[in-house]
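Below is a short report on a two-chain model. Please read it alongside the sequence and the coordinates.

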Amino acid sequence: MANIYVDSNATGANDGTSWTDAFTTLAAGIDPVVAGDSVWVASDHSENSASPITLNFTGSSGFIPVVSVDSASGEPPTTLQAGASIEVTGSSDLTLIANGGLPRVYYYGFTFTAASGDINIASWLMQDMYYDNCTFVRSSIGTGTTIIDSPVVDYDQSCVFTNCEFDFGASTQDINTHCPIVLRGCRLAAGSAVLTSNVFQRNDAGGVIEVDGFDLTGANTAVDIGGTGAVQGTYGKFRGIGVPSGWTGTLNGGTQQRNGRMNMEWVDGSGPTYRLWDDQLLGEVNEETTLVKTGGASVSWNMSTFGGTTPQFPFGFLESPEIVIWNTTTGSSITVEIDFLHDSVTALQNDEIWMELYYMGSTASPLSSIATDRLANVLGTPSNHASSGATWTTTGMSNPNEQKLSVTFTPEMVGKLIMRVHLAVGSYTVYVDPIPVIT
Amino acid sequence: MANLYVDSNATGLNDGTSWTDAWTSIESITGNIAAGDDVWIASDHSETKTAAALTATTATSASLPNRLLSADKTSGTPPTTLQAGASIATGSAQNIDMIHGGTGLLYAWGITFDAADALSFQNFWNLENCELIVRGGDQLANVVFDGAGARVLNCTIGLMGSQSSIRLEPGTGYVEIIGGGLLTSSNPDTIFYSSQVGGNNRVLVQGFDMSNAPSDIDMQTYATTGGSHIIMRNCRLPASWTGELQNTHDNVGQCTVKLNNCDNGATEYNSLWGNNWGLAFTETTIVKDDGTSNQVTPTSVRIETRSGSINRFVEYVDLIEIPYYNLSTGSSVTASLDFIHDSLTALQDDEIWLEAMYLSASGASTMSLATGRLPIIGTSASNHASSAATWTTTGMTNPNEQRMSISFTPQEVGFFFIRAVVCKPSYTVYIDPELIIS
């Protein structure tokens, strides 16, 4: 339970036992750390090295705070004060790592700076790293492309950033992830280079990015959220992102890979108009405000498939978000219909678009059953979905075709009905009203 | 775009060109299948390989998939009737490795994969109406999804060994299991296993019947390096289930398991969520008067934290997020939740607090984080306010009604999201999840 002090201005014994005798480098300060210790770093601590710096926590298990504080506030300190600075110059890397034991490291108030090298955040065995009120700086345009990189391919590590700031030195740099990361309430620094390429680049299958609140208003209007490094199976979820006014970028700058998915809500450049964007291998789902059903939701879902990977019935499809409604009817049949609109005189069939609905079909347990209006199997004969009597705004359409999906089933317990629409037509667009009609 | 045939009963040329000349093993597709080809497997096909592992590799492209379909061979060439039943098996502790070669999409229907040891599906498989069985007795005798996830629709999964499980390899990504259930006599001690240096995958299980499992089955086991995020909805549990959401709690990782309306009997709607540091339950006894209801029964959320060292900065239970559509801008909003616990000692802001994600910038959709968490130094912990709310307090000795609040200033109309966070070890608190806005 030791208090360990770090201050580059200290001139005493440099054994870390007090502010006077503080270690003068953070690497020296964390070397003796064990769980239960606290590492206090003076807010005017500033270390600068042309050689690589590696801050490695080894052999310790449990919570380890590494905190920038006002050194004038006592021993141990009583006042948080951001500002402690760790910097490497030239092409050297700054590496923040936990290698061994099971430390849970919490950094507060640091500025980590690299010039043309990378800031590597890596660990070996699932030692989570937490960064609170920290700033990450790439001070040079350099030749590198990243501000954060995890060169050790380790899917387990998890990095959580809260209220952190990212200051890029070049417009093509990004946050490059090999591992699950969570960012909450973060932002581009005021003086950051204007990102023009992408903000995040995802590497290695299974990389997960969850971003909850990120101010990107200082980026270029064409910046993409996700980069081209996406590989199969990656997953991204974004909410409350402040994109530049007039933003024209994409959610996923590269081609989405198999089973990859990027989802964004509450993102807009002109104010917080609710906006949905779901990017999948076969297409994307966006919110539509013009082509909407009269008397339906005030918006519809624009489901558009790409021209890349060809959709396949029944296993390659673009999937809508879930529609969830509470059902109180039990023991008797109900019908759920979902209206949709598309621009063709040719009706869509049940191997091209269908609904998959989960309901509680047993009185014995809440085990759900599946109701679907899809073609039974790959050898079946497709049939048209029924026409709908619904009225839609059809601005710009040549051959508006209103149809509906429909399933009939008997719920046996009160509870949720959960449904999804699957679209398996290549290079096609349908508009789905997300409020189902129940009879 | 060829039709290829597999039938263990075929006695012709065995070149895969017809039912008569069908290959007698699925392994023959390796190197012979092209993108766009369909593999028709006779529903009475039955092969068991014992000398070595059985391996089959497909060859898809972005525009041309492969389909492996169990069919009634009497229905023609190519067949016109699907018929489940084709059996691909190994003996003598051999694995089955089904490898998705190529960059496109792959689909298998109606096939029984019966492995004497492990059964792996690599690089994104779509499986429908199949049986996936592993019979090995060791920890590696798993149904393995590796590479890019899988979609498993209406399949029966047989985990016959006590150490068998559905194994999620590192980087599996996203797995969906929709419908289906465990095979009779399945005997696993855990459903999912996130492997060494693995995990952090996303899994959705909807309507999976686990009533055949042992009553003490756990939902997830993971190596010391962390687990996956698993959501299980409307699944049937074994009778008198006593298992755990996660049977490893080494305080690392961000893994969670959420059971949503899962039970064995016809109980009312309920949830059970857990992460490394605690559990959150749907509570129907200790509830706030005029508080939340699931439209059937009054409810609260009961949070039970685990024992041992937990820390408010890195280890906590934060399983509740409550959305609220806010119309007030430019002035402070206070969001509060009532809670109750069984102690004369009030809970403080280093033990339980609220966090908010809210629209913080005028003219933009940027959300910011506001937290009621006590800073690491500089401020003494303080009690949350008492609450005048009345609760049903059955079984409590010293019911203590309190209210936690957080204030922030939204700059735009829209949703904000409130999270309740608990980090007092070995403690139980009941939270009414209906926000109080002032």
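A:Asp351 sits in the loop between strand S28 (334-343) and strand S29 (353-360) of chain A. The model is predicted. A:Asp351 is buried, yet it has no salt bridge. The nearest side chain of opposite charge is B:Arg67, 8.8 Å away. Leaving aside residues up to four places away in sequence, A:Asp351 touches A:Phe313, A:Leu375, A:Pro382 and A:Ala424.

**Chain A overall**

Chain A has 1 helix and 34 strands. Of its 439 residues, 62% are buried. Among contacts in chain A with a separation of 6 or more, 74% join residues 24 or more positions apart.

**The interface**

The area buried between the two chains is about 6,900 Å². Carbon and sulfur atoms supply 60% of that area. On the chain B side, B:Leu105, B:Ser365 and B:Ile377 lose the most area to chain A. Together they make up 9% of what that side buries. Between chain B and chain A there are 8 salt bridges. One salt bridge links B:Glu176 to A:Arg420, with the closest N and O atoms 2.7 Å apart.

**Nonpolar cores**

The largest nonpolar core has 60 residues. B:Leu127, B:Leu132 and B:Met219 touch the most other members. Strand S9 (residues 111-115) of chain B gives the largest share of this core, 3 residues.

B:Met219 has contacts beyond its sequence neighbours, among them B:Phe192, B:Met210, B:Met232, B:Trp241 and B:Leu259. B:Thr190 and B:Glu244 are also touched by B:Met219.

**The parallel sheet of chain B**

Six strands of chain B form an open sheet in the order S3-S6-S9-S12-S15-S18, with parallel pairing. Strand S3 (46-49) and strand S18 (181-182) are the edges, and each pairs on one side only. S3(B) pairs with strand S6 (residues 86-90) over 4 bridges. Within that pair, B:Thr48 has B:Ala89 as its bridge partner.

B:Ala141 belongs to the loop between strand S12 (131-134) and strand S13 (143-146) of chain B. Is B:Ala141 buried or exposed? Its relative accessibility is 0%, so B:Ala141 counts as buried. B:Ala141 touches B:Asp117, B:Ala118, B:Val134, B:Gly136, B:Ser164 and B:Ser165, residues up to four places away in sequence not being counted. B:Gln163 is 22 residues from B:Ala141 along the chain, and their C-alpha atoms are 7.2 Å apart.

**Strand S28 of chain B**

Strand S28 (residues 333-342) of chain B has 9 of its 10 residues buried, so it is largely enclosed by the rest of the structure.

| Partner of S28(B) | Residues | Bridges |
|---|---|---|
| S32(B) | residues 399-408 | 10 bridges |
| S35(B) | residues 436-437 | 2 bridges |
| S34(B) | residues 428-431 | 2 bridges |

B:Ser336 stands opposite B:Ser405 in S32(B). In S35(B), B:Ser336 has B:Ile436 as its bridge partner. B:Phe339 stands opposite B:Ile431 in S34(B).

Definitions and conventions: Residues numbered from 1 in each chain as written. Chains lettered and ligands numbered in written order. Predicted model: local features only at pLDDT ≥ 70, side-chain atom pairs only at ≥ 80, totals over all residues. Heavy atoms only, no water. Core = buried A, V, L, I, M, F, W, Y, C linked by side-chain atoms within 4.5 Å. Buried < 20%, exposed > 50% of the residue type's maximum accessible area, 1.4 Å probe, protein only. Contact = heavy atoms within 4.5 Å. Pairing = 2+ DSSP bridges. Lys, Arg positive; Asp, Glu negative; His and termini not counted. Salt bridge = Lys/Arg side-chain N within 4 Å of Asp/Glu carboxyl O. Buried area = accessible area lost by both parts, 1.4 Å probe.
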